[in-house]
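Trainee: Hi! Could you walk me through this one while I have it open?
Mentor: Happy to, let's bring it up.

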Amino acid sequence: MNLLLQKELNSLFNSLKFPFYDGIQDKGFPYGSFGYFTQDRNNTKTTKGNEIFMQLDLFSDYNGQKEIKEMINSVTELLEIPLVVNQKTCHLDSLNSRVQLEEHIYHGIIEVTFKFY
């Protein structure tokens with residue numbers, strides 16, 4: 001299920017002003033990448049479901065936080081669009097974001113949890 005979700009998100013992220021990759025790249029800035037994930041069963045009495053936790057990483061070498069915050073806002077807006085993955089409705093359950101400065105590179109981290117039923 002996680003690969004199907006990543007495929008849908010990748011298609012969704014094509015509309016961003018910066019590229020999105022599968023993992024950290026040695027590419028020019030700015031860019032985003034898919035980080036780690038966990039997947040758990042989330043069944044109820046009447047339906048079978050999944051819960052996927054995913055980290056999305058954003059990188060910017062802009063001198064200041066303006067660009068990385070704009071990137072976070074752009075991705076966050078797209079994540080709020082309902083998705084259907086493998087004929088299951090995907091609900092954004094939680095979203096947290098933060099910014100870290102790492103050797104003159106701003107690293108935006110978005111942690112999201114999706115639930116499928």
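Mentor: One term before we start: two strands count as paired if DSSP finds at least two bridges between them. Also keep in mind that this is a predicted model.

Trainee: Got it. What is the strand order in the sheet?
Mentor: The order is β1-β2-β3-β6-β5-β4, in an open sheet of six strands with mixed pairing.

Trainee: And which are the edge strands?
Mentor: β1 (20-21) and β4, each of which pairs on one side only.

Trainee: What does α1 touch on the sheet?
Mentor: α1 packs on the sheet with contacts to β1, β2 (31-41), β3, β4, β5 and β6. The direction of α1 makes about 140° with that of β4.

Trainee: Where does α2 lie?
Mentor: α2 lies across β1, β2, β3, β5 and β6, and runs at about 155° to β3.

Trainee: Let's go to β6. Why is it described as largely enclosed?
Mentor: Strand β6 (residues 105-116) has 11 of its 12 residues buried, so it is largely enclosed by the rest of the structure.

Trainee: How many bridges does β6 make with β3?
Mentor: β3 (residues 50-60) and β6 pair over 11 bridges, in the antiparallel sense. If you want landmarks, D57 stands opposite I109 in β6, and the bridge partner of I52 is F114.

Trainee: How many bridges join β5 to β6?
Mentor: There are 12 bridges between β5 (residues 88-102) and β6, and these two strands run antiparallel. H91 has K115 in β6 as its bridge partner.

Trainee: New topic: the core. Which residues have the most contacts inside the largest nonpolar one?
Mentor: Those are L5, L9, F13 and V75, in a core of 26 residues. α1 (2-13), β3, α2 (66-79), β4 (83-85) and β6 each supply at least two residues of this core.

Trainee: Which element gives the most?
Mentor: α2 does, with six residues.

Trainee: I've clicked on L9. What does it touch?
Mentor: Leaving out residues up to four places away in sequence, L9 touches F34, M54, L79, L83 and F114.

Trainee: Now charges. How many salt bridges are there?
Mentor: A search of the whole structure finds four. One of them joins E51 and K115, with the closest N and O atoms 3.5 Å apart. E51 sits in strand β3 and K115 in strand β6, so this pair ties together parts that are 64 residues apart in sequence.

Trainee: Which residue does E111 pair with?
Mentor: E111 forms a salt bridge with R98, and the closest N and O atoms are 3.5 Å apart. E111 is in strand β6 and R98 in strand β5, 13 residues apart. E111 is buried at 16% relative accessible area, whereas R98 is partly exposed at 37%.

Trainee: Which residues end up in one network?
Mentor: E51, D93 and K115, joined by salt bridges that share partners.

Technical notes: Residues are numbered from 1 along each chain as its sequence is written. This is a predicted model: local features need pLDDT of at least 70, side-chain atom pairs count only at pLDDT 80 or more; totals for chains, interfaces and linings use all residues. Side-chain values use heavy atoms; hydrogens and water are left out. Buried means under 20% relative accessible area, exposed over 50%, partly exposed in between (1.4 Å probe, protein chains only). Helices (H or I, at least four residues) and strands (E, at least two) are DSSP runs, numbered from the N terminus. A nonpolar core is a set of buried Ala, Val, Leu, Ile, Met, Phe, Trp, Tyr and Cys residues joined through side-chain atoms within 4.5 Å. Contact means heavy atoms within 4.5 Å. Axes are lines fitted to C-alpha atoms, for helices over the stretch in contact, and angles run from 0 to 180 degrees between N-to-C directions. A salt bridge is a side-chain nitrogen of Lys or Arg within 4 Å of a carboxyl oxygen of Asp or Glu.
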